[in-house]
Every structure is written in C-alpha cells, then in structure tokens.
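Hi,

Here is the structure I promised to pass on. Have a look at it first, and then read on for what turned up.

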Amino acid sequence: MTLNPKLTQLLNEQINNEMSSSYVYLAMAAWFEQTPYMGFASWMFNQSREETMHALKFYQYVVDRDAVVVLQPIAQPKATFESPIDVFEHSLKQEQLVTQQINDLYDVAEQVKDHSSKNLLLWFLNEQIEEEKTVRDMLDRLRLAGTDPASLLVLDREAAQRQSPTGSGGHGGHGK
Ligand SMILES: [Fe+2]
Ligand SMILES: [Fe+2]
C-alpha cells in the first residue's frame, strides 16, 4: 500500500518536530551545564538523545514504506532559562505540543485508513503519556522544593539516576 502523500508530508514534518525537540532538550542540557545541577543536565541530555531516536524511528518508517524522506531546517532553540522549574515547565509544554502533533497525525492516518501508520502512531501516543507523566512528576516535586538548595540537590541526584534510553526509544527499557 502506497503511503498517502498528505501522510508522507506529515510524517516528514514529524521527523523535523522530533529533531527540533531533541535540539530544545540539548539547549536545556547546555543551560544546566552552567549551573550546579549536573543531574538535570544529564536528564536533559538523555532526553535529547531519546527525541533523536524518535526522529530516526519516523525516518525508518518513511523509508520502509518506500516513501521519500525530506529533511527541513531545525529552528534555533531557546537557550536561557530562569530556574530548574522554568526549564521543566518548558519541557512539559514541549511534550504537550508533540502529543498534539502526533494526535493530529493519527487523525490523518485514520482518514486515509492507513492502519500500519496508526499502529506506529499508537506507540508514540503511549510514549507521550509516559513522557508527560515523567516531566509532570518532576515538576510537582520541584514546586514542592521551591528554592530550598538541599531539596533541589536531592531531586538533581534523582534526575541523574534516570535510565538513559536504549534501543529506539522508551524510558527504562519499556520496549520499542
Ligand atoms: Fe519524541
Ligand atoms: Fe518527548
């Protein structure tokens, strides 16, 4: 079954969205590198790598469906932040944006009755639930910690211990 042109275009856009997301997280990692929060820097670095893996998963899918990959420029990401909370608030917005993008893609896959694409996108939708939850949980605890350095360092240490992604995405090895 030939990949629908509209769907092909949107899947290509999603490669760009995921790469942009990776860039956003890399800028967050770089910002944290200038602070004492090495754990948060590591978290964001790993998150950046995971978004690259997502982009590659979409790339491979377009190739496997015998459609043409078209790469677009990646926008310069925001580089300065107010605080760890500010960074995580941006991270949550970023994930909510990606969830919306994948939801829209799913709508199109459904309209053109491309069940294989729906299957791929369902994997991503499940991934988004987990990603939003992970960020929201950290954000909740950052708000609780407020400006208390001791509490922030506990959270930073915890962030450092977060599993780096392996394979083609997913936190802590919950599969592809
Ligand atoms: Fe992603
Ligand atoms: Fe993500």
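Are phenylalanine 58 and phenylalanine 124 buried or exposed? Phenylalanine 58 is buried, and phenylalanine 124 is too (buried means under 20% relative accessible area, exposed over 50% and partly exposed in between, with a 1.4 Å probe and protein chains only).

Before the rest, a word on the source. This is a predicted model, in which local features need pLDDT of at least 70 and side-chain atom pairs count only at pLDDT 80 or more, while totals for chains, interfaces and linings use all residues. Residues are numbered from 1 along each chain as its sequence is written, chains are lettered from A and ligands numbered from 1 in the order in which they are written, and side-chain values use heavy atoms, leaving out hydrogens and water.

Aromatic rings

Rings of Phe, Tyr and Trp (its six-membered ring) pair if their centres lie within 6.5 Å; planes under 30 degrees apart count as stacked, over 60 as edge-to-face and the rest as tilted. That rule gives ten aromatic pairs. Tryptophan 31 counts as buried because its relative accessibility is 13%, and phenylalanine 32 counts as buried at 0%. The rings of phenylalanine 58 and phenylalanine 124 have centres 4.1 Å apart and planes at 15 degrees, so this pair is stacked. It links distant parts of the chain, 66 residues apart: phenylalanine 58 is in helix H2 (residues 38-64) and phenylalanine 124 in helix H4. (Helices are DSSP runs of H or I with at least four residues, numbered from the N terminus.) There is also one aromatic cluster formed by Trp31, Phe32, Tyr37, Phe40, Trp43, Phe81 and Phe88.

Helix packing

Two members of that cluster, Phe40 and Phe88, come up again here. H2 packs with helix H3 (residues 84-111) at about 15 degrees, their axes 12 Å apart; the axes are lines fitted to C-alpha atoms over the stretch in contact, and angles run from 0 to 180 degrees between N-to-C directions. H2 and H3 are therefore roughly parallel (under 35 degrees; over 145 is roughly antiparallel, 65 to 115 roughly perpendicular and the rest oblique). Their contact (heavy atoms within 4.5 Å) involves Phe40, Trp43, Met44, Gln47 and Glu51 of H2 with Pro84, Val87, Phe88, Ser91 and Glu95 of H3.

The axes of H4 (residues 115-145) and H5 (residues 149-160) come within 9 Å and cross at roughly 160 degrees, so these two are roughly antiparallel.

Best wishes
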